[in-house]
Amino acid sequence: MLTLAIVKPHCLKNPFAYETIHRLLAASGLQVVEKKRVQLSRAEAEQFYDEHRNKFFFRRLVSLMTSGPSEVILLSGSDSIRHWRELMGPTKVLKTVYIHPECIRSKFGITDTRNAVHGSAQLFFLDSEASVAAERKFFFG
């Protein structure tokens, strides 16, 4: 099973955060199938996050994701979607610090938007495989 991960720009700019995220990935048993750095344009970020267009954080998210390069990683492993979601931790950073202190977002998240990493289908687990396929196509063709 595959899943897609994105290291957001503020973590890519921080060598300690970036290296720690990759160490956690390596220790998790998930395998990196493919990865690349991308600089999203405003139009690309708006297209990628279109499902959030009418939410209050949409403009902040687009601004963050266009503020610098991100690293997009295609991961493989047994139950990789669930595994990556556990490694990321919950979206809400403040809550995450208390309930899941060892996850990536607890360690490197700053706000709920600048929460370090992205994972496919965070909101709709039942739609995860379809989300992974769409996101994979978006970034890797």
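**Exercise 1.** Work out whether F56 is buried or exposed, and describe how the rings of F56 and F57 pair.

*Solution.* Start with the cut-offs: buried means under 20% relative accessible area, exposed over 50%, and partly exposed in between (1.4 Å probe, protein chains only). F56 has 70% relative accessibility, so F56 counts as exposed. F57, at 21%, counts as partly exposed.

A note on the source: this is a predicted model, in which local features need pLDDT of at least 70 and side-chain atom pairs count only at pLDDT 80 or more, while totals for chains, interfaces and linings use all residues. Residues are numbered from 1 along each chain as its sequence is written, and side-chain values use heavy atoms, with hydrogens and water left out.

Now the rings. Rings of Phe, Tyr and Trp (its six-membered ring) pair if their centres lie within 6.5 Å; planes under 30 degrees apart count as stacked, over 60 as edge-to-face and the rest as tilted. The structure holds six aromatic pairs. One of them joins F48 and Y49, edge-to-face at 4.8 Å centre to centre with 90° between the planes. F56 and F57 are also edge-to-face, with 5.4 Å between centres and 90° between planes.

**Exercise 2.** Find which residues ring pairs link into a cluster with F48 and Y49, then classify F48 and Y49 as buried or exposed.

*Solution.* Follow the ring pairs: they link F48, Y49, F138 and F139 into a cluster. Next, check accessibility. F48 is buried, with a relative accessible area of 10%, and Y49 is buried at 3%.
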